[in-house]
Amino acid sequence: MADPASPLRRSALAGLLIPGDFGAAPFNGPGILIAERGPLSVVQIEAGSDDPIAAAGEALGVAPSSVPNEATGSGRPRILGTGTGRWIVSEPESRDLAAHLRAALPESAAVTGLSHARVCLRLSGRDARTLLAKGCGIDLHPDAFQPGTSRMTSLFHASVLIDCRSAEPVYDIYVHRSYAAHLFEMLRDGALEFGCRIA
């Protein structure tokens, strides 16, 4: 299905994500910052009989990694390896990304537009890693989950894709639209003890 840029897109968190400071008020400021990223174009690529990496690299200006869980690109676009021969591509919405990739990749590659099916939350702050540890079982130690890598996992009982963007730490969390409100509320409530700033 085509995924044209549309000014009519409504956030799944509309009316729920209210900017402000919440919870504890540490002397050194909130330990958690939560923001919604978007609107984003999000597309899944699944390789077929032909390797799409070279064609994807030419079409996007940055090549996907052949190694699962590795990320490439700075965000315009960002390409996350989610398994052998599978990637998620995201970028700020400005074009029909799915159509662009369908035209560029081998016919055997499956390109699926997910822009309307995913919400991306950015979680950052000095206590972000501790908050994530409350809700998921992956190893979050900085030596184990490094910038430039991603993980598919469960976070507060929602399936998510977590992209480690920097060591500060900063994480982008992709979640199914239907679970976005649940996940946002769990993250917000879990962040109150650290002080939480929502933007």
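Buried means under 20% relative accessible area, exposed means over 50%, and partly exposed is in between (1.4 Å probe, protein chains only). I wrote that down before anything else.

**Setting up.** I'm working with a predicted model, where local features need pLDDT of at least 70, side-chain atom pairs count only at pLDDT 80 or more, and totals for chains, interfaces and linings use all residues. Residues are numbered from 1 along each chain as its sequence is written, and side-chain values use heavy atoms, with hydrogens and water left out.

**Entry 1: Arg86 and Glu46.** I started with salt bridges (a side-chain nitrogen of Lys or Arg within 4 Å of a carboxyl oxygen of Asp or Glu). By this rule I get eleven of them. One joins the side chains of Arg86 and Glu46, at 3.9 Å from N to O. Arg86 belongs to strand E6 (residues 86-92) and Glu46 to strand E3 (residues 40-46), so this pair ties together parts 40 residues apart in sequence. Arg86 counts as partly exposed because its relative accessibility is 31%. Glu46 is partly exposed too, at 35%. The strand names come from DSSP runs numbered from the N terminus: strands (E) have at least two residues, helices (H or I) at least four.

**Entry 2: Asp172 and Arg122.** Next I looked up the salt bridge between the side chains of Asp172 and Arg122, which is 2.7 Å from N to O. It links distant parts of the chain, with Asp172 in strand E11 (residues 170-176) and Arg122 in strand E8 (residues 118-124), 50 residues apart. Buried or exposed: what is Asp172? Asp172 is at 0% relative accessibility, so I put it down as buried. Arg122 is partly exposed at 28%.

**Entry 3: Asp127 and Arg126.** Here the closest N and O atoms of the salt bridge are 3.7 Å apart. Asp127 is buried, with a relative accessible area of 18%, while Arg126 is partly exposed at 39%. I also noted a network: salt bridges that share partners join Arg37, Arg78, Arg122, Asp163, Arg165 and Asp172.

**Entry 4: the sheet.** I followed an open sheet of five strands, in the order E4-E5-E6-E3-E7, with antiparallel pairing. Strand E4 (71-72) and strand E7 (110-113) are at the edges with a single partner strand each, so one side of each has no neighbour in the sheet. Pairing means that DSSP finds at least two bridges between two strands. E4 and strand E5 (residues 78-83) have two bridges, in the antiparallel sense. Thr72 stands opposite Ile79 in E5.

**Entry 5: a hairpin.** Strand E9 (residues 149-155) pairs with strand E10 (residues 158-166) in the antiparallel sense, over seven bridges. I found Leu161 in E10 as the bridge partner of Met152. The two strands make a hairpin with two residues between them, and Phe156 in the turn has a positive phi of about 50°.

**Entry 6: helix H4.** Which residues of H4 are buried? I listed Ala180, Leu183, Phe184, Leu187, Gly190 and Ala191. Seen down the axis of H4, the buried residues fall within an arc of 140° (taken from the directions from the helix axis to the C-beta atoms), so they line one face of the helix.
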